[in-house]
Protein chains: 2
Amino acid sequence: MATQALAAWTVSLSYPDLPEEVIHAAVRSFYNIAGCIVGGSEHPATTKARKALSPFSGPPTSHLLGTNTSTDAMHAALFNGIASHVHDYDDTHLDTIIHPTGPVACALLAIIPTLPRPVSGAEFITALVAGIEAECKIGLAVWPRHYDIGWHITSTTGSIGAAVAAAKLLSLETGQVAHAIGLAATQVTGLREMFGSHAKSFHPGMAAQNGLVAALLAREGFTSSVEALEAKRGWASVVCSGGNHRLEEEIAGLGERWEIVRDAFKPFPCGIVVHPVIDGCVWLHGELERVGVEVDDVEEVVVDVHPLVLELTGKTAPRDGLEAKFSVYHGGAVGLLLGKATPAQYEDDVVLDRRVVALRGRFRAVPDESLRADECHLVVKVRGGASIEKHIDYAVGSLERPMTNEQLTAKFVDQCVGILGEERTDKASEWCWGLEKQADISQIKEVL
Amino acid sequence: MATQALAAWTVSLSYPDLPEEVIHAAVRSFYNIAGCIVGGSEHPATTKARKALSPFSGPPTSHLLGTNTSTDAMHAALFNGIASHVHDYDDTHLDTIIHPTGPVACALLAIIPTLPRPVSGAEFITALVAGIEAECKIGLAVWPRHYDIGWHITSTTGSIGAAVAAAKLLSLETGQVAHAIGLAATQVTGLREMFGSHAKSFHPGMAAQNGLVAALLAREGFTSSVEALEAKRGWASVVCSGGNHRLEEEIAGLGERWEIVRDAFKPFPCGIVVHPVIDGCVWLHGELERVGVEVDDVEEVVVDVHPLVLELTGKTAPRDGLEAKFSVYHGGAVGLLLGKATPAQYEDDVVLDRRVVALRGRFRAVPDESLRADECHLVVKVRGGASIEKHIDYAVGSLERPMTNEQLTAKFVDQCVGILGEERTDKASEWCWGLEKQADISQIKEVL
């Protein structure tokens with residue numbers, strides 16, 4: 001039932017069905033991921049993949065954001081997908097920790113220029129929402145067991161979301177959409193064991209490509225199981241190792257509880273458990289400035305955090321930017337010393353900078369079961385005996401304190417300006433915020 | 001350890017290390033799969049995939065066997081891989097029921113024409129053996145739990161085998177091979193739930209493509225986990241749902257017990273549990289002819305089989321060729337009526353033929369726990385009271401009664417002659433049997 005129900009819901013969804021808050025969330029998701037794709041477009045993971053696979057590329061229909069290059073739709077989905085995730089800076093559906101927008105948006109952006117008609121912002125948003133809802137609902141159905149076993153839930157659900165979105169854009173019939181879902185479901189890409197290597201960002205890229213392939217095959221009558229998700233040995237059962245899943249209930253909730261409005265945006269390019277500490281340290285940076293205390297006069301920073309924070313991000317001496325993402329000490333140190341944590345503060349040379357290393361060494365993290373994972377308490381002890389405290393109840397970027405459009409704009413500009421220059425960045429920002437009213441999404445090639 | 005050990009073994013393997021029986025087995029594996037790829041080249045699953053994805057294809061370097069068409073290496077791996085498996089007629093590593101040759105051979109054939117040098121038969125055989133050994137060893141490590149959970153073990157191990165083989169051919173260093181293994185391992189394609197649909201043959205095609213992508217990325221320095229197979233949340237653990245696996249032991253046996261010599265070839269295009277019955281019925285067809293009895297005078301055929309045979313292939317009234325593969329009754333009926341079971345006897349019109357349907361209805365299968373799954377007992381009762389019995393201890397195609405080279409040749413010719421014509425088929429057969437001494441494998445384009 002679930003596979004057919006998801007397919008039927010996908011086909012029936014139309015733009016006028018979308019509540020205003022859903023459209024608003026979709027525009028923000030798109031805006032955020034567009035900046036992330038540009039920001040990741042020159043990362044070594046992205047450029048190595050381009051170099052390795054470009055010799056096999058087909059007609060260059062589809063734009064690689066942040067570059068002057070196009071490639072075929074399959075490779076564009078892959079390369080943009082890698083770029084979208086490589087800085088760990090994309091969006092997060094907090095209930096499942098899926099990063100849902102990358103696989104779906106990259107599949108859509110790749111296939112749009114190959115269609116014989118322009119795709120409007122409204123049509124794009126409808127397909128994007130269909131894909132994101134699909135991902136998050138099936139993710140909720142298998143959470144947390146699926147993730148605990150070791151699957152990277154962003155890509156294992158992402159291929160199905162990308163297939164749903166592409167199928168919507170290709171106007172497939174319900175039966176074809178079901179086959180597309182099955183063909184995506186049988187490609188289960190993404191082991192958590194890959195975290196810390198290039199393969200992590202390869203996952204959402206492949207999810208985008210695999211979903212696209214699934215939809216295109218289904219359009220030609222290529223078949224899969226029509227009970228791919230819910231069968232005894234279907235996707236949900238297999239990726240849960242036979243454990244219980246809640247597929248039917250979650251699919252039944254499509255269009256009733258919208259998941260995209262529960263999608264959050266990262267203010268800092270690292271795992272979200274570090275965000276409260278960075279948020280507090282950025283505030284403390286301003287406070288030290290205000291009271292005229294030099295960071296060199298900080299003797300100790302005591303950070304009370306939920307034990308999970310240290311379990312996931314307890315690296316005290318990261319050796320490069322990739323490792324620094326798993327160091328609450330690094331996040332706190334750059335926040336306190338530099339007042340910000342953007343991808344630039346996760347460059348290798350910053351991670352190894354003398355002052356950053358020294359300040360990291362003065363951080364002491366204390367696990368405290370009484371705190372939530374998205375909460376922290378900070379005490380900065382200054383030479384001479386004074387101290388400044390800060391309690392973060394909810395970090396910026398949480399659902400309780402969502403990033404404002406202004407903050408999203410600053411993040412977008414920070415990622416794009418070094419690549420596009422100021423003038424093009426401002427125009428691109430305006431175009432992306434205006435997604436709803438765009439008549440032809442393939443214009444993104446001129447914009448980003 | 002296992003990932004590095006497999007990578008190191010791959011790099012160190014050389015043609016002179018291969019025992020004569022391994023080379024012999026490799027030639028037979030290649031010969032058999034080449035015929036299967038040609039035989040599957042015009043199946044709807046193959047042609048639909050070609051139609052759906054060809055618009056995205058890159059430089060046509062790589063030949064699609066059985067056609068006049070070339071495409072880029074990625075798509076060639078996929079399309080040849082689909083064709084290799086679509087008739088369920090490929091090879092079987094009986095200890096794991098992996099069909100190992102398709103993913104590996106299709107990855108190799110696809111990448112060879114893109115290399116700046118000719119690849120000899122000896123080099124091809126070395127890479128093929130490396131890939132097949134890798135697949136079967138890691139398959140043994142997770143068998144049977146992995147299959148029982150619902151994974152199509154041919155493709156879940158096939159991507160890793162294809163990556164190993166491609167990495168060997170690309171002369172990657174040990175560290176790069178390990179990354180290639182990881183990048184293949186994180187792409188876990190293939191749910192058994194897809195059996196009975198086009199997606200089943202999509203699996204080995206994607207395994208070939210995914211393995212190729214993994215090796216090409218690794219060559220450019222794209223990284224994965226270096227403990228991808230054996231880590232706590234690595235491939236073996238995740239695809240066994242955390243159950244025990246025997247990865248270290250199996251990898252330690254590389255080059256000691258060769259798996260390729262335990263690879264069997266299918267005389268009939270369907271699941272191997274049906275083979276004893278078909279084998280017996282083909283013999284009975286000749287016996288009826290010899291004694292001058294018409295098949296229309298057969299009143300009943302009683303077939304004693306292991307209960308598993310009915311569990312897997314108990315369809316009494318298949319509606320098309322795909323369903324007929326899961327009908328021991330159909331296999332028996334065409335064997336008895338027509339004296340053979342090749343892909344032609346699994347065409348839809350044969351499945352629905354009046355005489356075939358009538359004879360199927362006169363079969364009675366009796367589960368018998370005392371028989372092995374590869375054993376059966378047949379009694380044909382003829383009008384007037386006479387009966388003929390046949391006991392099959394081991395079916396043709398089993399390790400105990402392997403197909404002879406002459407039988408493999410007949411199978412090859414049967415698959416190729418309708419597509420290539422007699423003269424080209426005979427030349428192709430000769431060329432493929434001469435694999436060892438070929439100086440340039442890319443000549444296959446002119447041959448098949």
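Visitor: How far apart are the end C-alpha atoms of residues 4–245 of chain A?

Guide: Welcome! This model is predicted, with local features needing pLDDT of at least 70, side-chain atom pairs pLDDT 80 or more, and totals for chains, interfaces and linings using all residues. Residues are numbered from 1 along each chain as written, chains are lettered from A and ligands numbered from 1 in written order, and side-chain values use heavy atoms, without hydrogens or water. The span is 60% helix and 4% strand (DSSP runs: H or I of at least four residues, E of at least two, numbered from the N terminus), and its end C-alpha atoms lie apart by 17 Å.

Visitor: Which annotation covers that span of chain A?

Guide: UniProt has an unreviewed entry covering residues 4–245 of chain A. Such annotations may be inferred rather than shown by experiment. The record reads "domain: MmgE/PrpD N-terminal".

Visitor: How are α9(B) and α10(B) oriented to each other?

Guide: Helix α9 (residues 174–185) and helix α10 (residues 199–219) of chain B pack at about 140°, with axes 8 Å apart. Angles under 35 degrees count as roughly parallel, over 145 as roughly antiparallel, 65 to 115 as roughly perpendicular, and the rest as oblique. The two helices, α9(B) and α10(B), are therefore oblique.

Methods
Axes are lines fitted to C-alpha atoms, for helices over the stretch in contact, and angles run from 0 to 180 degrees between N-to-C directions.
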